[in-house]
Amino acid sequence: MKKLIEIKNIVKDFDGQRVLNGISLDIHENEFVTLLGPSGCGKTTLLRILTGLEAPDCGEITGVPARIAMVFQEDRLVDSLTVRANLRLALGAGYDPADAQALLNELDLPDALRRTVGELSGGMKRRVALARALLYDAPLLVLDEPFKGLDETTARQCMDALARRAAGRAVLLVTHDAQEGDYLHARTLQMEKLQRV
């Protein structure tokens, strides 16, 4: 597989505390990568640096595409708007009503488009946040614990949709659950093994 992104020797401190210590890894085109590690080990910080939301103290990242789809730890939806309006807001001219409905059907949310986000349960909001990312035409998907709060059956349903919809794209998925990476046939990386000793 062709290399898409190269992350080299990323270092990041917060208030004098080192969070990332020389992290290096490559992500290839059309590759699923899962990143495992305990809470507080810097996984989300690495994602924020990769997506340009945070600057590293040193190190470099090359090959990041201009368009990135992301699922944050928080759903980041507008509660007062319908699901349809949330998707339109994020996707702009790329919003396809039929495709959106088809994906929501896959995620067991057949009637969600017309509902206000504030009416939805936490698990339903999580699936809408995932749908928004999957519908965005981007060569890189960055997912920060996208299945948290979902029961096992629903999580597997979401992973199946992810596998279908992310075909041909690179995916970097942060999780605490190694079984998610196994289910997705992903290359699994342990965060602590990426740190410079």
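1. Helix H1 lies across strand E3 (32-36), E5, E6 and strand E7 (170-175), and it runs at about 150 degrees to E6. Helices (H or I, at least four residues) and strands (E, at least two) are DSSP runs numbered from the N terminus. Angles run from 0 to 180 degrees between N-to-C directions, with axes fitted to C-alpha atoms, for helices over the stretch in contact.

2. The model is predicted, so local features need pLDDT of at least 70 and side-chain atom pairs count only at pLDDT 80 or more, while totals for chains, interfaces and linings use all residues. Residues are numbered from 1 along each chain as its sequence is written, and side-chain values use heavy atoms, with hydrogens and water left out.

3. E5, E6, E7, E3 and E8, in that order, form an open sheet of five strands with parallel pairing; strands pair if DSSP finds at least two bridges between them. At its edges are strand E5 (68-71) and strand E8 (187-190), each pairing on one side only. On average, neighbouring strands here are turned by 15 degrees against each other, direction ignored.

4. Within this sheet, E5 and strand E6 (residues 140-144) run parallel and are joined by four bridges. Ile-68 stands opposite Leu-140 in E6.

5. An open sheet of three strands has antiparallel pairing and the order E2-E1-E4. Strand E2 (17-28) and strand E4 (58-62) each have a single partner strand, so one side of each is left without a neighbour in the sheet. From one strand to the next, the twist averages 15 degrees.

6. Strand E1 (residues 3-14) and E2 run antiparallel, with nine bridges between them. Across this pair, Val-11 stands opposite Asn-21, and Lys-3 faces His-28. The E1 and E2 hairpin has two residues between the strands, and Asp-15 in it takes a positive phi near 50 degrees.

7. Helix H1 (residues 43-50) also packs on the three-stranded sheet. H1 touches E1, E2 and E4, and its direction makes about 120 degrees with that of E1; contact means heavy atoms within 4.5 Å.

8. Apart from neighbours within four places in sequence, Gln-195 is in contact with Val-19, Leu-20, Asn-21, Gly-22, Ile-23 and Cys-41.

9. Helix H3 (residues 97-106) and helix H5 (residues 152-165) have axes that come within 9 Å and cross at roughly 140 degrees. H3 and H5 are therefore oblique to each other; angles under 35 degrees count as roughly parallel, over 145 as roughly antiparallel, 65 to 115 as roughly perpendicular and the rest as oblique. H3 contributes Asp-99, Ala-102, Leu-103 and Glu-106 to the contact, and H5 contributes Gln-157, Ala-161, Arg-164 and Arg-165.

10. The charged end of Arg-76 sits over the ring of Phe-72, 3.8 Å from its centre. The rule asks for NZ of Lys or CZ of Arg within 6 Å of the ring centre and within 35 degrees of the ring normal.
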